[in-house]
Every structure is written in structure tokens, then in C-alpha cells.
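Take a look at the sequence and the model, and then read on.

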Amino acid sequence: MAKAKPAATAAPAAPAATELATVPATVQARVLMACQHGRPDDVVTLGADLAALAAAAGEVDTTPAAVAYALTLPQNQPSA
């Protein structure tokens, strides 16, 4: 007589809608080239979808390090 196979474990349940990560509505980005978003090294705030498209096109960089660097530049300092 063959041994019985152990019962298969159930797949984990999908997370509830309240457990899903929220996508930010806006994203800060460093402008890399003169374009509709601004001049090179400007820091702009874009909608998340537009920021993703602009980053894919090479127009902006949304990484925290790029934004932090651009914020130190004179053109992004408040005028006195």
C-alpha cells in the first residue's frame, strides 16, 4: 500500500486592499535636460505617473540622492 501524501498547504491569501502599499501622488525630481519640466538641475514636483515617464525618457532623475544634490545648488536656494 502506498503512503499517503501530506495535504498540500494552502496558498497565502492575497493582502487586503488596506495592506497594499500606497503610491505617492507626487514625486520630487531633478531635471536633467532643458525640457517642459524646467532647466537642468531644477528640482520640480511631478505627478507620480508623469515622473515615471519623464525618468524613463531621461528627462528627470527621481532618486533621493539626485534630488538631495540638486537642492544644494544655488538655483534651488530661496532668494534673499
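## The two sides of helix H2

The exposed residues Pro64 and Ala65 sit on the face of H2 that is turned away from its buried side. Alanine 65, a member of helix H2, counts as exposed because its relative accessibility is 59%, and the cut-off for exposed is over 50%. Please keep in mind that the model is a predicted one.

Now turn to the other side of the helix. Which residues of H2 are buried? They are Ala66, Val67 and Ala70. These three lie on the same side of H2 because they cover an arc of only 95° around the axis.

## Helix H1

Helix H1, residues 48-56, also lies across S1, S2 and S3, and runs at about 115° to S2. Its buried residues are Ala48, Ala51 and Ala54. Because they cover an arc of only 125° around the axis, they are on the same side of H1. What do the buried residues of H1 pack against? They pack against S1, S2 and S3.

On the face turned away from that buried side, H1 carries the exposed residues Asp49, Leu53 and Ala56. After H1 comes glycine 58, which has a positive phi, near 80°.

## The sheet

Three strands make up an open sheet, in the order S2-S1-S3, with antiparallel pairing. Strand S2 (43-47) and strand S3 (60-61) are the edge strands, each pairing on one side only. As a general point, strands of a sheet pair through backbone hydrogen bonds, either parallel or antiparallel.

Strand S1, residues 26-31, is joined to S2 by five bridges, and the two run antiparallel. Along this pairing, glutamine 28 stands opposite threonine 45 in S2, and alanine 29 has valine 44 in S2 as its bridge partner. How many bridges pair S1 with S3? There are two, again in the antiparallel sense. Here arginine 30 stands opposite aspartate 61 in S3.

## Two aspartates in a loop

The loop between S1 and S2 holds aspartate 41 and also aspartate 42. Is aspartate 42 buried or exposed? With a relative accessibility of 15%, aspartate 42 counts as buried, because the cut-off for buried is under 20%. Leaving aside residues up to four places away in sequence, aspartate 42 touches Ala29, Arg30, Val31, Gln75 and Asn76. Two of these names have already come up in the sheet: Ala29 is the partner of valine 44, and Arg30 faces aspartate 61.

Aspartate 41 is partly exposed, at a relative accessible area of 22%. The backbone of aspartate 41 deserves a look as well: its phi is near 75°, a positive value in a residue other than glycine. For context, most residues other than glycine have a negative phi.

## The whole chain

Stepping back, the protein chain has two helices and three strands. Along the sequence they follow the pattern β-β-α-β-α. Of the 80 residues in the chain, 22% are buried. The accessible surface comes to about 6100 Å², and carbon and sulfur atoms account for 62% of that surface. Among contacts between residues at least 6 apart in sequence, 46% join residues at least 24 apart.

## How confident is the prediction?

The mean pLDDT of the protein chain is 86, and 72% of its residues reach 70 or more. For the helix H1, the mean confidence is 96, while for the strand S3 it is 98.

Methods:
Residues numbered from 1 in each chain as written. Predicted model: local features only at pLDDT ≥ 70, side-chain atom pairs only at ≥ 80, totals over all residues. Heavy atoms only, no water. Pairing = 2+ DSSP bridges. Helix = DSSP H or I, 4+ residues; strand = E, 2+ residues; numbered from the N terminus. Contact = heavy atoms within 4.5 Å. Axes fitted to C-alpha atoms, helices over the stretch in contact; angles between N-to-C directions. Buried < 20%, exposed > 50% of the residue type's maximum accessible area, 1.4 Å probe, protein only. Arc of directions from axis to C-beta. Areas by Shrake-Rupley, 256 points an atom, 1.4 Å probe, with all protein chains shown as cover. pLDDT = per-residue confidence, 0-100.
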